[in-house]
Amino acid sequence: MSNKDEIRTRRGLLLVVSSPSGAGKSSLSSELMSRHPELTLSVSATTRPPREGEKDGVHYHFLSESEFEKRKDAGWFYEWAKVHGNYYGTPKQAVIEILERGCDVLLDIDWQGAQQLHQHRDKDVVSIFILPPSMTELESRLRKRAQDTDAVIQGRLEGAADEITHWAEYDYVLLNGDFDATAAKMDTILRAERLKRFRQTWLTEFVGQLLSQK
Ligand code: 5GP
């Protein structure tokens with residue numbers, strides 16, 4: 001495909017990635033972002049405290065519970081959910097602006113958020129669920145991360161089983177045993193989904209012109 005083809009007007013998509021914590025979703029999302037700098041990562045709002053190294057406005061918009069509730073009631077979120085006892089939500093306006101420019105948004109959100117986005121905007125949503133190779137591996141990845149206390153890790157392990165029960169609600173399900181192979185599959189999904197006929201909005205005019213040349 002030439003560069004000229006790549007820059008034709010297209011309908012943007014919402015690439016939703018979910019998994020239990022520790023299944024590799026964040027690293028896979030970062031890898032996809034580095035392969036596709038034109039992708040925009042949706043920065044969620046949350047009421048959970050920042051982890052070491054997390055910056056407000058970059059990793060999350062860190063909000064107090066009352067501020068989150070105020071914005072939730074004002075319809076500020078495209079979707080929102082309570083995950084591990086904290087609120088999380090996707091700011092609506094930012095996402096809509098990107099889609100309207102014909103660009104794509106990457107969203108790292110849980111199954112509740114994925115369900116809501118499928119309801120609001122099914123045609124634009126492409127959802128991927130990442131499975132860990134085993135629960136033992138999941139636990140070891142959570143412990144290696146060493147960002148959370150034992151109690152938090154235990155809670156996340158319990159939440160993992162619940163998250164996994166929603167695997168069949170996603171368009172694609174990837175088993176993340178080998179990081180590079182899984183990253184390559186995500187890349188393939190994005191490239192193929194971008195080529196879907198209804199996303200290539202330039203085609204109608206192009207075909208019209210093509211036929212007028214007969
Ligand atoms: P963490 O606290 O580890 O950053 O995220 C915990 C969980 O919340 C992850 O499964 C993540 O995907 C999910 N999450 C993050 N942002 C959002 C959001 O805006 N909406 C929803 N529904 N889930 C989110």
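Gln209 sits in helix 9 (residues 203-212). Helices here are DSSP runs of H or I with at least four residues, strands are runs of E with at least two, and both are numbered from the N terminus. Gln209 is partly exposed, because its relative accessibility is 42%. The cut-offs are under 20% relative accessible area for buried, over 50% for exposed, and partly exposed in between, with a 1.4 Å probe and protein chains only. Gln209 and Val152 are 57 residues apart in sequence, and their C-alpha atoms are 60 Å apart in space.

This is a predicted model, in which local features need pLDDT of at least 70 and side-chain atom pairs count only at pLDDT 80 or more, while totals for chains, interfaces and linings use all residues. Residues are numbered from 1 along each chain as its sequence is written, and side-chain values use heavy atoms, with hydrogens and water left out.

**Helix 2 against helix 8**

- Helix 2 (residues 25-35) packs on helix 8 (residues 179-194) at an angle of about 55 degrees, with the axes 10 Å apart.
- That angle makes helix 2 oblique to helix 8.
- Angles under 35 degrees count as roughly parallel, over 145 as roughly antiparallel, 65 to 115 as roughly perpendicular, and the rest as oblique.
- Axes are lines fitted to C-alpha atoms, for helices over the stretch in contact, and angles between N-to-C directions run from 0 to 180 degrees.
- The crossing of helix 2 and helix 8 is right-handed. In a right-handed crossing the near helix is turned clockwise from the far one by less than a right angle; anticlockwise is left-handed.
- From helix 2, the contact uses Ser27, Leu28, Glu31, Leu32 and Arg35. Helix 8 brings Phe179, Asp180, Thr182, Ala183, Ala184, Met186, Asp187 and Leu190. Contact means heavy atoms within 4.5 Å.
- By class, this contact of helix 2 with helix 8 has seven nonpolar, two polar and four charged residues.
- Ala, Val, Leu, Ile, Met, Phe, Trp, Tyr, Cys and Pro count as nonpolar, Asp, Glu, Lys and Arg as charged, and the others, Gly among them, as polar.

**Helix 6 against helix 7**

- The axes of helix 6 and helix 7 come within 11 Å and cross at roughly 145 degrees.
- This crossing of helix 6 and helix 7 is right-handed too.
- Helix 6 makes the contact with Met135, Leu138, Glu139, Leu142, Arg143 and Arg145. Helix 7 makes it with Asp150, Ile153, Gln154, Arg156, Leu157, Ala160, Ala161 and Ile164.
- The contact of helix 6 with helix 7 has eight nonpolar, one polar and five charged residues.

**Nonpolar cores**

- The largest nonpolar core has 21 residues, of which Leu15, Leu32, Ile128, Ile130 and Met186 touch the most other members.
- A nonpolar core is a set of buried Ala, Val, Leu, Ile, Met, Phe, Trp, Tyr and Cys residues joined through side-chain atoms within 4.5 Å.
- Two or more residues of this core come from each of strand 1 (14-18), helix 2, strand 8 (125-131), helix 6 (135-145), helix 7 (150-164) and helix 8.
- Helix 8 gives the largest share, four residues.
- Beyond its neighbours within four places in sequence, Ile128 contacts Leu15, Val16, Val17, Ser18, Tyr170, Tyr172, Leu174, Met186 and Ile189.
- Another core lies apart from this one, with 17 residues, among them Tyr78, Ile98, Leu99 and Ile109.

**Single residues**

- Thr46 is in strand 3 (residues 45-46). Thr46 is buried, with a relative accessible area of 0%.
- Outside four places in sequence, Thr46 contacts Tyr60, His61, Phe62, Leu63, Phe68, Asn86, Tyr87 and Tyr88.
- His84 is in the loop between strand 5 (77-83) and strand 6 (86-91). His84 is partly exposed, at 39% relative accessible area.
- Phi of His84 is near 50 degrees, a positive value in a residue other than glycine. Most residues other than glycine have a negative phi.
- Arg11 is in the loop between helix 1 (3-6) and strand 1. Its relative accessible area is 32%, so Arg11 is partly exposed.
- Leaving aside neighbours within four places in sequence, Arg11 contacts Lys123, Asp124, Phe198, Arg199 and Thr201.
- Gln116 belongs to helix 5 (residues 111-121). Its contacts beyond four places in sequence are Glu79 and Trp80.
- Gln116 and Trp80 are 36 residues apart in sequence and 8.3 Å apart in space, C-alpha to C-alpha.
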